[in-house]
Structures are given as structure tokens and as C-alpha cells.
Amino acid sequence: MKTISIQDYNIYADDIGTISINEHHMTVINTINAHSYIVAKTDKRFKKALTDSDILLPDGEGIVFMASKIKKENINKIAGSDIHEHLLNIAEQNKLKCFYLGSSQTTLQLIKEKLENHYKNIRFDFFSPPFKTEFTDFDNRQMISKVNAFQPDILFVGMTAPKQEKWVFENKNQIKSRVICSIGAVFDFIAETKRRAPNLMIKLKMEWLYRSFTAWRLTKRYLYSTPLFLWEVFKLKYFSKSE
């Protein structure tokens, strides 16, 4: 598995096709983009969750840009939707079990109907945790119990960042799953309660622009984090010692 090191992050720099399911130990897969990079600078728990990932995918053109400028490496963006589809294809081929933890019961029902219609060889299960900023010990025990009762091969977590990554980091040792993959907004994309950018915009590397127009929350996020991230790239390129 090829990775590149930028600051404290070992970012996946290989083809998505090389990602497989290890039968002997758990694999935690997370993603990093420009916004999460900036958030993690002041959120130590989030940064630890990202740096502790077994696979940290470059989910954003900002990270691709950073790799080219800082490391002179050309890497491919791998979005949450991409890794989700890739893992489902593996699960379909090998008749595996997949669990979806997160989002509302309504969204999970839509996901269930779509996936069970398309993937005939996969067994699915779902659980919607309470919608709150911080989970109680009871909440955590309930979520872990639901997952472990099913014993999935792949656990998809969709609670939005940084909540999902921190939850996985803090609870993974109690979870029985071969893969844990945090994919956030992908739950809504599957259910089609929200739409991913058109393929043309993705190919033009403008998915971030499309998403910024879908919600004011995302617009504010890009307005805040993008200038800070570009300044970070500039500092690393011109003022930091080479790693």
C-alpha cells in the first residue's frame, strides 16, 4: 500500500482497487479533505482519529493539490462514495455482511430498499442512533450491541465529521467488524435525500463548488476553511523544512 506523509498524516496514494478486506485484523478507513485538515489543527481527538487510521483517503481536491505542491506526487481523489461502492462490490462478490450505523430511520429505510434491490448476495442491517452532539454511555453500548449482534464484515458509519471518526476511534476495540469505514454524507447520497455532484463536475474537479451551493452550512465551511488551507499549503511549501 503506497502512502505519502504530509505533516502527521499518512495519506493513501494508491489505486482504490488495491484496497481489500483483511481477514486477520480490523481495517479502519477514514477520509481527509481541506476542511477536516483545518478542523483537526484545533481538535486533538479528531486529529488522533485521523492519524490512527489504517487507511486515510484523500477525499478532496485540496488534499490532491497539497500532495502535488508539497510532495510533488500526483495522487487521485477517492471520495466516500467511491470507497463505499468499492467495498460493496467486494461484499457482493464474497457474500459478505454490511451494517449501516447513522442517519435517520427514514434515510436508512430508503438505503435498505435501494441496496437490497441491487446487491443480492449481501446481507444488510441498519441502526439509527439518537441525534445528539454527544452520546451517553448507554447510547454507545446500544450502538455497539446492535453492530456486534450482526457481526458485519463491513461497518459503514455515517454521523458526519468529526463526530463519526472520533466515535470509531474511541469504540473500535469493542466492535466486531473486519472493516469500519466512515462515509458521512454518503448515506444521504445513497438514499437520494441529497444528490452528489454530476459526473461532469466531478471530472472537472469542481465537486466542492457544487456542494457549496447545496447548503449554507457547506458554503460557510468552504469560505472558512479554504483560505486557511491554502495558507497552510503555502507555509509548508515555502517556510517549513522538508520532511
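Predicted model: local features only at pLDDT ≥ 70, side-chain atom pairs only at ≥ 80, totals over all residues.
## A strand and its partners

Residues are numbered from 1 along each chain as its sequence is written, and side-chain values use heavy atoms, with hydrogens and water left out.

Strand S8 covers residues 179-182, and four bridges join S7 to S8, the two running parallel. S7 also runs parallel to strand S5 (residues 97-102), with five bridges between them; here Leu101 has Val157 as its partner in S7. Two strands count as paired if DSSP finds at least two bridges between them. Helices (H or I, at least four residues) and strands (E, at least two) are DSSP runs, numbered from the N terminus.

## Inside the fold

Why is S7 described as largely enclosed by the rest of the structure? Five of the five residues in this strand (residues 154-158) are buried. Buried means under 20% relative accessible area, exposed over 50%, and partly exposed in between (1.4 Å probe, protein chains only).

In a regular strand the side chains alternate between the two faces of the sheet. In S7, Ile154, Phe156 and Gly158 point one way, while Leu155 and Val157 point the other way. Across the chain of 243 residues, 49% count as buried.

## From strand to helix and back

S7, helix H7 (residues 163-171) and S8 make a right-handed β-α-β unit. Right-handed means that, with the strands pointing away from the viewer, the path from the first strand over the helix to the second runs clockwise.

The loop between S7 and H7 holds Pro162, which is joined to Ala161 by a cis peptide bond with omega about 0°.

Most residues other than glycine have a negative phi, and most peptide bonds are trans. Which way does the phi of Lys95 go, positive or negative? The value for Lys95 is positive, near 55°. Lys95 sits in the loop between helix H4 (80-94) and S5, and counts as exposed because its relative accessibility is 62%.

Ser103 also has a positive phi, about 65°, and lies in the loop between S5 and helix H5 (105-118). With 24% relative accessibility, Ser103 counts as partly exposed.
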